[in-house]
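Open the model in your viewer and follow the stops below. Each one says what to select and what is there.

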Amino acid sequence: MSYNIKNRDKVEEEKYLETPSTNACKQCAPLGASLAFRGVENCVPLIHGSQGCATYIRRYMISHFREPIDIASSSFAESSTIFGGGANFNIGIDNIIGSYSPDVIGISTSCLSETIGDDVRMLIREYQAARPGKELPFFLNASTPSYKGTHIDGFHAAVRATVERCCELRANDLPKYNNLVNIFPGLLSPADMRYLNEVFEDYNMEVMMMPDYSETLDGPTMKEYEIMPKGGTPVRKIMSASDALGTIQFGRVLGSNASMGAGEFLEDKYEVPDYKIGIPIGIRETDEFHKTMRKLSGIKLPGKYMSERSRLVDALIDGHKYTFGKRVMIYGDADMVCGLTSFACEIGLHPILCASGEESPEFEFQIKEIIARSNTPFDEGPCIISGADFESIKEVSAEMSPDLMIGNSKGYYISRPMKIPLVRCGFPIHDRVGAQRVLHVGYHGAMQLFDKMCNALIEYKQENSKVGYKYI
Amino acid sequence: MKIGTNNILEERKGQVSRKDSEEFAIDCEKASLAGSVSQRACVFCGSRVVLYPIVDALHLIHGPAGCASYTWDIRGTVSSGPELHRLSFSTDLREKHVIFGGMDKLYNTLIHLINKYSPEAAFIYSTCIVGVIGDDVDAVCRKVASEVGIPVIPVHSEGFKGTKKDGYKAACNALEKLIGTDEDAVECENGINIVGDFNLAGELWILEEYYRKMGVKIVARLTGDGRVKDIAGAHKAKLNVVQCSGSMMYLANMMEEKYDIPSMRVSYFGIEDMSQALYDVADFFDSDDMRSKAQELVREELGHLLPMLNEYRSKLEGRKAVIYVGGAFKAISLVKALRLIGVKTVVVGSQTGNKDDYDIMARLCDAGTIIVDDSNPIELANFTVEKDADILIGGVKERPIAFKIGIGFCDHNHERKLPLAGYLGMKNFAEEIYSSIMSPVWQFAGRYDEGEDL
């Protein structure tokens, strides 16, 4: 197997970190953190920084989830930058409490507040100390400067900070669980999270999912407008994380600082066994997930899932001719790309490019491992780009003659001039409805992805044939 | 938690006003209140939206990648030629640069990108941390400009240095540096600059056609479908016709002072304001020919349009709308445009209006109308429910509020893909309002409550 490895930032060793980005394939850390905080029950996220950070991030996420996403800002002024953001922080917290009466406030930092050195933990302590006896929301905070890592790092940082904090401030009247499992799913869709909750139910296991925005970011229409959408994992549930039988962490890469995950924390401090597995996309990774479920629950694969798996294999057989050998470019968040690459290899697609805006060396390693175990007949391995921006993907794609692209909607400007189909997965999807309903995980998710990929290729063939076949 | 249980935040009470018999008063032009979930963005956003439509310039955002990522291809502004503006360039600053400074990276990036894309000019936007780590962006710009021979213009748009409005000002300051630099530009008889139209969905081209029919020439487009060379010669125009005055009046005033070019405020939304704009321009040039051509144009357009609008009016009469948009002048036009199709405005607000703007709104609106400055989701939801509105007009961030309440929504923000300016725009606007309100989907909305049976 031959690989073509690129790291945008390591083109020339002496110019490390000196490459600008054109059409970034990443967002900044506070976005990931705010998204994670939306998966905690009755939590309002606050970004400690300028007003624009919160507003841009809201707009970006609203275009994807198509749900109200309220994120507060401490709205820095010039004086906050000079004297520190403490005063605005306090006003901000007061006003969030006044408007939303939340149970939890989840605070992330912007590059500005990090650079001037605001200590958010200290600001929280001071805020609490100045209001003795007053019932205040539970405070969570994560350090998320946008000059370090990506939105994925912000996401994982918020999950870890939440779990750490909840375990530290554990209540003493928590229910006793004997079948609790923690799951840290990573940045998946609400549909994915809803599906995972069902899986746990089918295994008769109690689940602590952090975050769980299956309801908060894919809500119903209600009789009355709800300021705080229902759903999310209650803080009290997260407090029980240290009692769990084990932790499942989805993600082979887990951002640029994988050893700092919430699963590692629970294992190191509370000896909760940590099972790190890839996002369960496709057969092999989903098998791995169910094997882990069996380890934790002692229950064999429920019949429902065995028949789902069998139907999936049947579907893949039905469509295998349409997918075999088609050259595919896969890009996006590193762990999403790993999962999609694993699945692509199972259905005979030929991955020729795997790219992520993340910079972890683990990404290259994991992609190689996935390809190696997949028994693909192709000699040419994918071009692997970590630290990618979309222009770097576009530049290499010119010589690759791809048949298909799989990734978020931002790759459309690359697929359009090449006139090849783009199957939209992951985050963000800004040019289609239903981003929140894209199911990636499980056998069921694989079936839906397969139908999309297969039909995209069939449609391409049909549209480009002179005959106009009615049977394909 | 449901709405109605919360009052307006104490510090915001002055920014919400109800039109009644007493004298109208409202607070505005204030920094957004921390924790209020303002719909405003920041200084950087203000600069970015104004300069973004200059299609043959390089727009480089100096900072970490986030600000560039969120504003990649963000506006529905279109180009008749180059599309360099649709690429999102960032210096992608890292921790190392925060500690040791980002000037070298800025310099190298600029040289690299200018060689690669050969832009006519480059705008360098400062983001928050640039203002803190002390990069001398002006010095780098001067150095690069002298080496590559194109204007390299710093935009002082650090997010925390005021509000979105200050960002407009920073953009105007950047434009000021460019205007007047084309020394070969010649005087243009009957020449105007179109200022404050951003060619969303090709709107500026519709207006240009009207002006062309009247015999008015366009010197520079500021900034929709804008070209660096035209803008450099904008000082040769006889008149600045300013739409979106909130963002561009500052530039027009500066040009009046520096080049003695007068300006007028117009709006191209709705029939009344659109026609008035054409008549005002004809009056300015004091040309009977232009005036009669404008009259002819208006007559012809209205001949098609009015019967259509009457049709919509008969279906929409008595419906109620909430308007919450960025610029106040647009909000004012929308109140009038809605009236044409029988829709009453019950709430109207903007992110950046000033006292004069709100006074006009108050005069224009019916008693009981809520007028609001720098609002937020909770207030907007509360007002909309209280007034039992049928449609909300705003941008992407307001859309889910309307949908969760179960009423229609019309996107009148800078991401729109449908031209809403001019007479064609009025037709589109009426159609959009009609099709949003009349969707059969609303009869199913808002029915679900926990434990509810069918």
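How many aromatic pairs does the structure hold over all chains? There are 22 aromatic pairs. Rings of Phe, Tyr and Trp (its six-membered ring) pair if their centres lie within 6.5 Å; planes under 30 degrees apart are stacked, over 60 edge-to-face, and the rest tilted.

**Ground rules**

This is a predicted model: local features need pLDDT of at least 70, side-chain atom pairs count only at pLDDT 80 or more, and totals for chains, interfaces and linings use all residues. Residues are numbered from 1 along each chain as its sequence is written, chains are lettered from A and ligands numbered from 1 in the order in which they are written, and side-chain values use heavy atoms, with hydrogens and water left out.

**Stop 1: a tilted pair**

Select B:Phe403 and B:Trp442. The ring centres of B:Phe403 and B:Trp442 are 6.2 Å apart with planes at 40 degrees, so this pair is tilted. B:Phe403 lies in helix α16 (residues 399–405) of chain B and B:Trp442 in the segment after α17 (422–437) of chain B, so the pair ties together parts 39 residues apart in sequence. Helices (H or I, at least four residues) and strands (E, at least two) are DSSP runs, numbered from the N terminus.

**Stop 2: a ring cluster**

Select A:Tyr56, A:Tyr60, A:Phe65, A:Tyr213, A:Phe427, B:Phe44, B:Tyr70 and B:Tyr125. Ring pairs link these residues into a cluster.

**Stop 3: the interface**

Now show chain A against chain B. The contact (heavy atoms within 4.5 Å) takes 72 residues from chain A and 70 residues from chain B. Together the chains bury about 6,300 Å², 60% of it on carbon and sulfur atoms. Buried area is the accessible area (1.4 Å probe) that two parts lose on being put together, summed over both. In chain A, A:Tyr56, A:Tyr147 and A:Tyr225 lose the most area to chain B, together 14% of what that side buries.

**Stop 4: a salt bridge**

Select B:Arg94 and A:Glu359. Their side chains meet in a salt bridge at 3.0 Å, N to O. The rule (a side-chain nitrogen of Lys or Arg within 4 Å of a carboxyl oxygen of Asp or Glu) finds six salt bridges across the interface of chain A and chain B.
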